[in-house]
Amino acid sequence: MPLKQTIDTCFDVEVGETGLTRAEFEAVLARTEPVLVWLREARETGALPLLSLPAKTADLAGIREAADWLADGSTDVLVLGTGGSSLGGQTLAQVAGWHLPVSGDFRPAPRLHFLDNLDPHGLAEALAVLPLATTRAIVVSKSGGTGETLMQTMALLAAYEDAGLKGAIGERLLGLSEPAVSGKLNKLRKLLEPFGVRFHDHDPGVGGRFAALTNVGLIPAALVGLDVAAVRAGAARALAPVRDKAAPGAVPSAVGAALAVAYAEARGITQNVLLAYGDRTERLTRWYVQLWAESLGKQGRGMTPIPAVGPVDQHSQLQLFLDGPADKLFTVVTTDVADKGPRIDPALAAEAGQAEFGGRTVGDFVASQQRATVETLARNARPVRVLHASALDAERIGELMMHFMLETIIAAHLIGVDAFDQPAVEEGKVLARTYLEGM
Ligand SMILES: O=P(O)(O)OC[C@H]1O[C@](O)(CO)[C@@H](O)[C@@H]1O
């Protein structure tokens, strides 16, 4: 079953005066019309390569081959890379069971590790415990110049050398970066190619945070057995209403973008909580944070993404969400979990004084919580939309990610910023380099 978006609990009739009026929403929704025309044309002309990805199949064999090469005889596979060079892969891999509490630790070899944060202690400890002779890595950097990734890579190269494996680095590492362009230095290629490391090309027309559906996200996904063709098929579903010239009200991503922008403009509500239920969606919330924050936060404009996972964050953030400032728009991602998971023994439930648990499954409880949280938010005058998937599988995650990417691009157009750059972060990078030189 495809993704279902429900926005009824976003309006004044349901949430009181914090809520938008239908007229306020419709006015912004109407402004998505030219954006949808632009998107449709960009898909047809290929001007926005992201939009060609859902229908693309020619590269899938190469993606599966790369994943098989990384896995072959390996106990461990590292993904070095940060931001958009890592989070999309993490999000997809988690749907296949990577990084789930407990069961994620018991997955069959190879173990998959994403090293996306540069931490001196963590990296040293990782390099000390990894069985390097059976460890492969894929190094992902669109630009080839990200300091964190270069440093991790150099540290790994030195560790291989110390382990007497220098001669076989080409058999252990794979690179993924923009194609070499004459006259333009790609530091990662310059560093790794002399070791005989092969490179896959990062599509130069797809920015890192929009790259989950390219080899960047799909190689790690394939490595843990996710059906990468199904991910693309799901993405195609999210794109279909744009392609098919549906009216804005029938394009879920346009509706979502219009809601967020209408709340920002008409109510000053610029905080967007993504509360996703289930361990398999935890990385999705982190991927969404980069997408929404880095794409929209510029020129004094933007909206602040807040990640939350259910039900666990009911026990940390929900108090604030319900009873703190009414300054947030909520998106709750739910799935059909009723009847799923362990079933509770009625005798134990009665013994514990929790008779209503008896005969119910864990999923029954979570399903009730999903419903109760949405309703409680609305009753407390918090606007909330629901994105519901019957199950979070390869196809649905592809649909969900494409939905959010389209929503982000449309929102960027509505607020008048470029979704695809991130100029402000450069200043700190330059300064950090200066400080490093002075050490
Ligand atoms: O893939 P790269 O070029 O290493 O960049 C990693 C990340 O760094 C950023 O450029 C921000 O510094 C992100 O936009 C990007 O996803």
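Me: Leaving aside its neighbours within four places in sequence, which residues is L259 in contact with?
Reply: This is a predicted model, where local features need pLDDT of at least 70, side-chain atom pairs count only at pLDDT 80 or more, and totals for chains, interfaces and linings use all residues. Residues are numbered from 1 along each chain as its sequence is written. Contact here means that two C-beta atoms, placed from the backbone, lie within 7 Å. With those sequence neighbours set aside, the partners of L259 are I7, C10, F25, L329 and R385.

Me: Which residues have the most contacts inside the largest nonpolar core?
Reply: A nonpolar core is a set of buried Ala, Val, Leu, Ile, Met, Phe, Trp, Tyr and Cys residues joined through C-beta atoms within 7 Å. Buried means 20 or more other C-beta atoms within 10 Å of the residue's own, exposed means 12 or fewer, and partly exposed is in between, again with C-beta atoms placed from the backbone. The largest such core has 121 residues, and the ones with the most contacts inside it are A221, L226, V231, A258 and L259.

Me: Which element gives this core its largest share, and where does the core lie?
Reply: Helix α16 provides the largest share, 13 residues; helices (H or I, at least four residues) and strands (E, at least two) are DSSP runs numbered from the N terminus. Both domains give residues to the core, so its place is between domain 1 (4-40 + 230-424) and domain 2 (52-228).

Me: How far apart do the C-alpha centres of the two domains lie?
Reply: The bounds come from an automatic or database domain assignment, which divides the protein chain into domain 1 and domain 2. The distance between their C-alpha centres is 30 Å.

Me: Which helix gives the most to the side of domain 1 that touches domain 2?
Reply: The contact takes 26 residues from each of domain 1 and domain 2. On the domain 1 side, α10 (228-243), α12 (282-296) and α16 (394-415) each supply at least two residues. With nine residues, the biggest contributor to that side is α12.

Me: Which residue in β5 is the bridge partner of A137?
Reply: Strands count as paired if DSSP finds at least two bridges between them. Strand β4 (residues 135-140) and β5 pair in parallel over four bridges. Within that pairing, A137 is bridged to L173.

Me: Which residue in β6 stands opposite L176?
Reply: β5 also pairs with strand β6 (residues 198-201), in the parallel sense and over four bridges. There, L176 faces H200.

Me: What is the handedness of the unit made by β5, helix α8 (residues 187-192) and β6?
Reply: To judge it, point the strands away from you: a crossover is right-handed if the path from the first strand over the helix to the second runs clockwise. The crossover from β4 through helix α7 (residues 147-162) to β5 is right-handed. The β-α-β unit of β5, α8 and β6 is likewise right-handed.

Me: Is K184 buried or exposed?
Reply: K184 sits in the loop between β5 and α8. Its count is 8 other C-beta atoms within 10 Å, so K184 is exposed.
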